[in-house]
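Please read the following walk through one structure with the model open beside the text. The paragraphs go from single residues to the ligand and then to the aromatic pairs.

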Amino acid sequence: MTIELEIGLYIFMLAGFLGYHLISRVPPLLHTPLMSATNAMSGISLVGSLVVAGAAYSPLSTAFGFVAVTCSTTNVVGGFLITDRMLRMFRRDQDRLAKRELGRGAWLAAAGLLAGVLALLRWREELRPLLRGADLTQALRFSYILSAALFILGLKGLSSPRHARQGMFLAELGMAMAVIGTLFHPDIVAYRWIIVGLILGSVVGASMGLWIPMTAVPQRTALSHSLGALAATLIGISEYIRHGDALGQVLMTTIGLEVVIGGLTFTGSLMAAAKLQGLLPGAPVTYPGQNATNFALLAVMVGSLVCLIVTPSAGSVFPLMVGLALLFGFLLVIPIGAADMPVVISLLNSYAGLADAAMGFVLMNKIQIITGSLDGTSGFLLSLLMCRAMNRSAVNVLFGAFGKIEKEAEGTAAGAKGTVRRIAPEEMGVLLDSVRSVIIVPGYGLAVAQAQHGVAELAKVLIKRGIDVKYAIHPVAGRMPGHMNVLLAEANVPYDQLYQMDQINPYFAEADMALIVGANDVTNPAARHNRASPLYGMPILEVDRAKSVVVLKRSLRPGFSGVDNELYYNPKCMMLFGDAKDTVNTLIVALKS
Ligand code: NAP
């Protein structure tokens with residue numbers, strides 16, 4: 001083991017521990033912005049990509065470097081812009097103009113980047129002697145150290161919505177410093193493809209960051225993991241080709257890990273994005289012996305990696321290993337249903353971080369090792385939190401029998417029938433006249449119906465009538481951690497009206513009404529007492545303790561888990577059938593008139 005590798009491993013571990021402490025302090029409210037923020041930071045693979053794109057090692061290296069620069073820039077620009085868009089929504093005293101206002105930090109970083117590139121173009125010849133100087137290398141090192149500190153402070157800022165934007169501003173500054181510093185890297189001799197990649201990536205990233213609707217955040221996140229992983233894979237391949245027979249075992253190990261993790265994350269994330277976007281069927285695709293096939297494939301892939309480490313010159317094994325990694329990512333995700341994709345995305349986030357760190361080891365770039373480790377820890381922690389909140393294990397999500405849940409659910413549903421009470425919007429208007437406190441419970445159906453603005457408006461009408469309104473947020477309501485927080489914040493609901501599950505549950509017994517808007521599983525009382533239910537053990541919002549319960553959904557169909565909800569047969573529960581947005585709008589009109 002070389003000294004550099006040893007130092008790199010220490011850095012990787014320490015960054016992981018630090019990341020764990022910082023990220024476990026991020027409140028559930030900010031889990032979705034956290035995902036996109038770490039995603040943007042993992043775009044630090046840009047620094048390695050810039051060197052490969054500009055170093056003229058070979059035409060193939062330049063081509064791969066160019067694609068990697070484009071992918072990483074897309075992640076940096078898109079990730080920071082969408083994070084800023086989300087964080088601007090989390091405000092107490094909302095500035096209505098803020099919706100149009102662009103992320104100050106993101107623009108500053110972009111302007112800095114552009115200024116750096118233009119300066120390089122303009123004074124290229126004058127700067128050339130300087131670029132070869134040893135002092136410049138020192139300056140580059142210091143810029144990376146400062147960037148790492150700024151990233152850590154950025155993540156620390158996410159521990160509260162009040163400081164989150166300032167934190168992200170620091171992270172953006174860190175990214176701009178690292179990127180501009182790298183443009184002066186002594187290995188870079190040509191800037192043409194760097195500039196094209198930076199511009200192309202910025203345009204694609206900015207379009208994604210600025211215009212993608214909040215409901216499409218899960219698929220955007222998956223897509224950017226795949227871009228980051230593609231960048232890492234291409235750089236790994238290019239480094240393998242560049243070093244050829246001179247590859248030692250240490251370098252081969254790091255390149256192998258980079259390519260394997262990057263390759264499987266690339267295809268796995270693409271599949272996840274396609275499933276979430278509805279381009280591929282969301283249903284799990286299963287066949288007999290699936291897990292055995294996947295494990296066999298994994299074994300062959302690991303075997304080829306070991307073979308290459310032992311004999312780095314066994315060139316023909318390398319393409320086989322890359323191909324297997326790409327295939328494995330694809331096969332790993334097809335048996336997983338669209339509804340489980342958030343956990344998969346988080347896990348892939350963690351893999352993308354590891355691929356990034358591996359790239360850092362290959363290029364011996366410490367800032368990449370640190371950021372990759374932080375990203376890896378963040379994805380891993382979020383996956384664990386989601387699994388815990390769903391009362392499922394990560395192994396069950398990845399390799400569990402996903403069709404099985406639906407079958408079990410059918411059984412439960414058949415036994416849980418009873419009488420269902422319906423209520424009309426006009427009757428609901430009368431009912432709301434008699435209540436003093438309402439707890440609104442948003443769920444996935446609210447996101448599907450885009451009913452967040454209507455719900456916020458309804459809450460305002462109720463508050464004007466002197467009714468106490470609170471929102472109850474379950475950690476896995478919707479399809480992303482913190483999904484409901486982001487949607488409600490988008491509708492300008494002040495975050496101090498949002499109560500997390502543990503905070504709100506004691507209030508249900510005192511509430512006159514629990515108004516459930518498109519939520520289902522997270523309110524199912526079977527989770528508390530029915531051992532036969534797949535939901536058993538999942539912590540739920542205890543809506544059945546409220547004096548009355550009204551559910552806004554289109555039918556009695558089950559939610560994500562496929563389990564019938566026994567709440568709907570409770571005598572104090574009333575169903576108001578219809579699309580959540582239409583129903584809420586009708587209610588507002590009824591109340592106002
Ligand atoms: P849910 O159990 O999936 O139920 C959503 C309900 O929304 C459905 O029953 C559906 O009923 C209704 N709906 C759909 N479109 C609607 C529309 N246009 N108007 C009105 N209602 C509509 O949702 P949830 O209670 O939010 O629970 C989330 C589930 O996702 C949990 O099981 C959780 O474990 C899982 N999950 C969450 C995450 C995460 O991070 N948030 C991650 C992985 C898994 P109708 O069809 O009858 O309208």
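Val-250 counts as partly exposed because its relative accessibility is 33%; the scale calls a residue buried under 20% relative accessible area, exposed over 50% and partly exposed in between, with a 1.4 Å probe and protein chains only. The residue belongs to helix α11, which covers residues 249-277. Helices here are DSSP runs of H or I with at least four residues, strands are runs of E with at least two, and both are numbered from the N terminus. Val-362 is 112 residues away from Val-250 along the chain, yet their C-alpha atoms are separated by 9.0 Å.

The model is predicted: local features need pLDDT of at least 70, side-chain atom pairs count only at pLDDT 80 or more, and totals for chains, interfaces and linings use all residues. Residues are numbered from 1 along each chain as its sequence is written, and side-chain values use heavy atoms, with hydrogens and water left out.

Gly-174 sits in helix α8 (residues 161-182). With a relative accessible area of 0%, Gly-174 is buried. Its C-alpha atom is separated by 9.2 Å from that of Met-41, a residue 133 positions apart from it along the chain.

Two loop residues come next. Ala-56, in the loop between α3 (45-54) and α4 (59-89), has a positive phi of about 55° although it is not a glycine. Its relative accessible area is 49%, so Ala-56 is partly exposed. Gln-450, in the loop between α19 and α20 (452-464), also is not a glycine and has a positive phi of about 55°. Gln-450 is partly exposed because its relative accessible area is 32%.

Now to the ligand. Which residues come nearest to the ligand? Of the 30 residues around it, these are Asn-520, Asp-521, Arg-554, Ser-555 and Phe-560; a residue is near a molecule if one of its heavy atoms lies within 4 Å of it. Polar contacts, pairs of N or O atoms within 3.5 Å, include one between an oxygen atom of the ligand and an N or O atom in the side chain of Arg-554, at 2.8 Å. A nitrogen atom of the ligand is 2.8 Å from an N or O atom in the side chain of Asp-579, and a nitrogen atom of the ligand is 2.9 Å from a polar backbone atom of Ala-580. Taken alone the ligand exposes 920 Å², of which the protein buries 97%; these areas come from the Shrake-Rupley method with a 1.4 Å probe.

Two elements give two or more residues to the shell around the ligand, α15 (366-390) and α19 (444-449). Helix α19 gives the most, with four residues. At least three residues of the shell come from each of domain 1 (33-89 + 189-399) and domain 2 (421-592), with bounds from an automatic or database domain assignment.

The structure also holds four aromatic pairs, meaning rings of Phe, Tyr and Trp (its six-membered ring) with centres within 6.5 Å; planes under 30 degrees apart count as stacked, over 60 as edge-to-face and the rest as tilted. The rings of Tyr-240 and Phe-318 are stacked, because their centres are 3.7 Å apart and their planes are at 5°. Tyr-240 lies in helix α10 (residues 217-243) and Phe-318 in helix α13 (residues 317-333), so the pair ties together parts that are 78 residues apart in sequence. Tyr-240 counts as buried at 10% relative accessibility, and Phe-318 counts as buried at 5%.

Note on methods:
A polar contact is a pair of N or O atoms within 3.5 Å; within protein, one must be able to donate a hydrogen and the other to accept it, and residues adjacent in sequence count only if both atoms are side-chain atoms.
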